[in-house]
Amino acid sequence: MIEILKQPWPWYVAGPLIGLTVPVLLILGNKSFGISSSLRHVCAACMPANIPFFKYDWKKEVWNLLFVAGILLGGVIAVNLLFNPARIEVHPGLVKELAVYGITDYSNLVPVDIMNWQSLFTARGLVMMVGGGFLVGFGTRYAGGCTSGHAIMGLSSLQWPSLVATICFMIGGFTMANFILPFILSL
Amino acid sequence: MQQNIDAGADLQVREQDAICVNESRLQHKWYHNIKYLIVGILFGIVFVKAEIISWFRIQEMFRLQSFHMYGVIGSAVVVGMISVWLIRKYNIKTIYGESISISPKKFNKGQVYGGLIFGFGWAITGACPGPLFAQIGTGATVVTITLLSAIAGTWVYGYFREKLPH
């Protein structure tokens with residue numbers, strides 16, 4: 001059993017489990033599934049700076065901070081107890097494309113060749129980690145949610161603004177991955 | 001009464017640009033929140049084992065090289081939809097007996113502009129906010145910088161919020 005769990009899980013197992021998070025959170029305490037809000041609660045808790053957007057009682061949303069702390073711990077557990085030493089399988093077309101940019105290490109889900117402490121001080125690493133992270137934080141809050149809040153919770157409750165947001169996530173992603181990222185990777 | 005007005009104003013602020021806000025009239029001791037930690041742990045394990053936190057999987061998705069992520073998100077939405085439908089149809093209550101409410105989302109231009117900006121960031125970092133936390137958990141400590149930068153991005157959004165088109 002544990003050997004099976006160590007293998008990468010197929011989408012038809014993972015997807016439904018993620019979908020079940022929606023009713024579980026609703027039934028446990030009437031909480032709507034969402035993750036990016038946790039970033040805002042951190043701002044409200046640590047540096048509200050008198051900005052109206054951060055002036056609220058963040059303690060009422062502590063559940064959300066515990067939820068993301070759990071996700072981090074889940075990562076620790078998965079990598080320690082359910083570690084799969086096999087090389088990550090990736091589409092051959094992508095392997096070929098990434099090799100051009102010197103990305104050849106498939107030992108980790110986070111690409112070691114790009115995301116490491118040394119490369120943080122290179123143009124490529126700085127743009128990808130600091131710049132990319134900034135866009136994620138700014139964009140999700142501007143959009144009012146991320147993949148979990150809009151694509152999963154929003155679509156599950158049939159809210160058309162969430163469909164608009166999800167389509168824009170995909171348009172942005174496709175544009176970046178195919179047309180802009182090649183330039184960033186060449187830095 | 002005064003307290004009710006304050007609580008209402010507080011909820012109004014929290015509801016801005018957010019999806020996961022629900023006011024509960026019930027007060028619980030802090031340890032009631034531990035159940036969310038446990039759900040988070042299980043969720044994080046799924047994230048890692050199904051390679052949803054993989055930068056490579058996200059690149060495949062945006063190059064149409066793999067069905068994996070579409071299958072994950074698609075089946076999650078289907079299960080979520082059926083669940084929400086059942087909860088509404090049978091008026092299922094929370095474990096505390098409170099009725100379940102899902103606040104409606106209003107459309108604003110932020111969903112377009114912000115959506116595109118997040119899409120750019122998602123393709124660069126290969127992670128939406130949830131996977132950032134799980135990636136750090138798997139030992140990719142440098143992702144804490146990405147996470148801090150995401151928090152900074154959220155803060156800058158809050159700072160300029162009134163000036164941005166909505």
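A: Helices are DSSP runs of H or I with at least four residues, strands are runs of E with at least two, and both are numbered from the N terminus. The expected span of a helix is 1.5 Å times one less than its number of residues. The model is a predicted one, in which local features need pLDDT of at least 70, side-chain atom pairs count only at pLDDT 80 or more, and totals for chains, interfaces and linings use all residues. Residues are numbered from 1 along each chain as its sequence is written, chains are lettered from A and ligands numbered from 1 in the order in which they are written, and side-chain values use heavy atoms, with hydrogens and water left out.

A residue is called buried under 20% relative accessible area, exposed over 50% and partly exposed in between, with a 1.4 Å probe and protein chains only. The buried residues include Thr147(A), His150(A), Met153(A) and Ser156(A). Just after H7(A), Leu158(A) has a positive phi of about 55 degrees.

Counting a contact as heavy atoms within 4.5 Å, the buried residues of H7(A) pack against H2 (11-29), H6 (123-143) and H8 (160-186) of chain A, and against H4 and H5 (110-125) of chain B.

Ala151(A), a residue of H7(A), gives a local view. Its relative accessibility is 1%, so Ala151(A) counts as buried. Leaving out residues up to four places away in sequence, Ala151(A) touches Cys146(A), Thr166(A) and Val77(B). Between Ala151(A) and Val164(A) there are 9.5 Å from C-alpha to C-alpha, at a separation of 13 residues in sequence.

Asn30(A) follows H2(A) and has a positive phi near 60 degrees.

On the side of chain B, H4(B) covers residues 68-89; its 22 residues reach 31 Å from first to last C-alpha, close to the 32 Å expected. Just after H4(B), Asn91(B) takes a positive phi of about 50 degrees. Chain B as a whole has seven helices and zero strands, and 58% of its 166 residues are buried.

On a 1 Å grid over the protein atoms alone, a cavity is a set of points where a 1.4 Å probe fits but cannot get out, a pocket is an open set with protein on both sides within 12 Å along at least five of seven lines, and lining residues have an atom within 4 Å of a point. Grid points are joined across faces, edges and corners, and a volume is the space filled by probe spheres set on the points. The whole structure contains two cavities of 30 Å³ or more. The largest cavity holds about 140 Å³. It is lined by 16 residues, and Thr147(A), Ile152(A), Phe47(B), Ile52(B) and Cys128(B) are the closest to its centre. H7 of chain A and H2, H4 and H6 (129-137) of chain B each give two or more residues to this lining. Ala, Val, Leu, Ile, Met, Phe, Trp, Tyr, Cys and Pro count as nonpolar, Asp, Glu, Lys and Arg as charged, and the others, Gly among them, as polar. The lining of the largest cavity then divides into 13 nonpolar, three polar and no charged residues.

Finally, the cysteines. With a disulfide taken as a pair of cysteine sulfur atoms within 2.5 Å, the count over all chains is zero. Cys168(A) is in no disulfide, as the nearest cysteine sulfur, that of Cys146(A), is 15 Å away. Cys168(A) has 8% relative accessibility and therefore counts as buried.
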